[in-house]
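Reader: I am new to this kind of picture. Could you walk me through it, one feature at a time?

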Amino acid sequence: MTIGAKYTGGIPSILRNSQQLLLTRPSHTKSSPRPVILRRGGALISGAHPELYYKISPLFISGWPQIIIPKRLCTQTSTSAILSTFPYSDSKSGGTNYVTRGKKKERKRDSREGQLTFGLDMCSRYGDVLEALNLYDRAVKEGIKPNQYQYNVLLYICSGAAMGVLRPADRAKDQNLANSEEVIEEDNAKISDETRYLALRRGFEIYSQMGIDKIPPNEATFTAVARLAAAKEDGVLAFDLVKKMAEFNIPPRLRSYGPALFALCKSRDAERAYEVDAHMTLSGVQPEEPELRVLLKVSVDVLREEKVYSLLHRLRTTARQVSQTTSEVIEQWFNGQVAGKLGQTVWDRKKIREAIIAGGGGWHGQGWLGTGDWRVKRTAMNPDGVCPCCQERLVTIDIEPEETENFARSVAALACERELEAKFVSFQKWLDEHGPFEAVVDGANAGLFLQPKHAFSFSQINAVANELKKMSRSKKMPLIILHNRRTREGPADMPINKQLINNWRKAGALYTTPTGSNDDWYI
């Protein structure tokens, strides 16, 4: 080597199994030697004819890594074998780059843009808004235009800081911009007021610059800026940002609505909060317990009894079991004076009973019944489902008829897509003639359960069907689904099994799926 040392021996044992070692022979001629310039963070053996490159993957946080190569890598230790680190260089700087890293992902990380992404990810992970802003300012000064992801991470960090709590994330790409309620409602002093104001101001500046740079926003962009708006208690602006998503054909998500909804509910702007709720419904977004809780709280505070009634039913179908915070809001309503004055004094008991049955049990949906103060107590059900307070037993709640019908239509539509439509329509007609059934038996699973290889037990199916018949209120046989091949060959030819199959058919309890069909669609 001209300056370095040519390595002629074998790979040292300490490095033989190391993934950090890379042997390569770049093409070159003696007449036109090519200099070696490795990318930033790479090790350089300067010389005309390099044969050994030592590949490293240092962790970049700031500055340049210091690299030391063992002397035993060289046979001529007295020569000036130079290993150092060089700034990023490309073909424009003159000379040829021999990239020892080999992977595009590593080269991208080592670029200035890659280092900006890495630095912002670290700031997001550790909640360092000031360093994130420094990285952004430095990049702008160096002429680097952030991309969409980098802008989104900046906005995420700024919005979290502006709201008072910057929750560190394991990865910025997995950042959760949803459910801003905790941030808005808690008075958390993790971040100083000065830093919060700085993050708020710079966040809007960065969003404005994103538009100047003509970087297209996405859902994460609007959600982060909506959080900035909520941080300055501007729920209207936060809602406007959600509505603006339609201009970019971006469907809003539940987390997109959170900042506007929580900010409006906190300021007791009930009417606008109901507008957000209606917009969620139009967008096909289903609110969860935190969203329903703040809507219930503002409805209780402004004494909107019809909204309270509606939201309690929505909580019933969404949450089933509510959190401690939600239960306190419910207690606030029923302990209040207004709740005791509301309610019908006369009602049709038969109509109420029919509504309870039609709804699947446990509720009637006919409004408040009776007047007088409510008795509110906390208790725990005993193992038999009886309340020690009122001695009433919990009832079994079925899914609502509308939900059942929607589910049946969805399954039928999907089955018609996967199966021949005529075959499944034929099954639906048969079901209309012989149904309804209280239970369905998957004949293949019941017949194969715990059986030896290639064995199929019709008697086992019959035992399951008879047990379900005993359990049913109507004492009717359940529907047994079997592929038609199961009833025509193999164990089906045995006399005892033929008799069982005939009995099921006479009872109108057996449906055999046609050849080429998947019997799972019929269950």
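Reader: Let me start with one side chain. Is Arg 202 buried or exposed?

Author: This is a predicted model. Burial is read from relative accessible area, and under 20% counts as buried. Arg 202 has 13%, so Arg 202 is buried.

Reader: Which side chains does Arg 202 meet in salt bridges?

Author: The general idea comes first. Side chains of opposite charge can pair when their charged atoms come close. Here, Arg 202 forms a salt bridge with Asp 137, at 2.8 Å from N to O. Asp 137 sits in helix H4 (residues 129-141) and Arg 202 in helix H7 (residues 193-212), so this pair ties together parts 65 residues apart in sequence. Arg 202 also meets the side chain of Glu 205 in a salt bridge, at 3.1 Å from N to O.

Reader: Where does Glu 205 lie relative to Arg 202?

Author: Both are in helix H7. They are 3 residues apart, about one turn of the helix.

Reader: Give me another salt bridge to read. How far apart are Glu 289 and Arg 293, N to O?

Author: Their side chains meet at 3.9 Å. The cut-off is 4 Å, so the pair counts as a salt bridge. Glu 289 and Arg 293 are 4 residues apart in helix H12 (residues 289-301), about one helical turn. Both Glu 289 and Arg 293 are buried.

Reader: Which residues do shared partners join into one network?

Author: Salt bridges can be followed from partner to partner. Here they link Asp 137, Arg 201, Arg 202 and Glu 205 into one network.

Reader: How many salt bridges are there by this rule?

Author: The count comes to 15.

Reader: Now the helices. At what angle do H4 and H7 pack?

Author: To read a packed pair, take the angle, the spacing and the hand. H4 and H7 pack at about 35°, and their axes are 11 Å apart. Their crossing is left-handed.

Reader: Which residues of H4 and H7 meet?

Author: From H4 come Val 129, Leu 130, Leu 133, Tyr 136 and Asp 137. From H7 come Thr 195, Leu 198, Ala 199, Arg 202, Ile 206 and Gln 209. The residues of this contact divide into 7 nonpolar, 2 polar and 2 charged.

Reader: What does Arg 486 touch, leaving out residues up to four places away in sequence?

Author: Arg 486 touches Leu 448, Phe 456, Phe 458 and Ala 492. Arg 486 and Gly 447 are 39 residues apart in sequence, and their C-alpha atoms are 10.0 Å apart.

Reader: Last, the whole chain. How many helices and strands does the chain have?

Author: There are 21 helices and 5 strands. Buried residues make up 41% of the 523 residues. Take contacts between residues at least 6 apart in sequence: 69% of them join residues at least 24 apart. The chain exposes about 30,600 Å², with carbon and sulfur atoms supplying 52% of that area.

Methods:
Residues are numbered from 1 along each chain as its sequence is written. This is a predicted model: local features need pLDDT of at least 70, side-chain atom pairs count only at pLDDT 80 or more; totals for chains, interfaces and linings use all residues. Side-chain values use heavy atoms; hydrogens and water are left out. Helices (H or I, at least four residues) and strands (E, at least two) are DSSP runs, numbered from the N terminus. Buried means under 20% relative accessible area, exposed over 50%, partly exposed in between (1.4 Å probe, protein chains only). Axes are lines fitted to C-alpha atoms, for helices over the stretch in contact, and angles run from 0 to 180 degrees between N-to-C directions. A crossing is left-handed if the near helix is turned anticlockwise from the far one by less than a right angle, and right-handed if clockwise. Contact means heavy atoms within 4.5 Å. Ala, Val, Leu, Ile, Met, Phe, Trp, Tyr, Cys and Pro count as nonpolar, Asp, Glu, Lys and Arg as charged, and the others, Gly among them, as polar. Accessible areas come from the Shrake-Rupley method with a 1.4 Å probe; for residues, only the protein chains shown count as cover.
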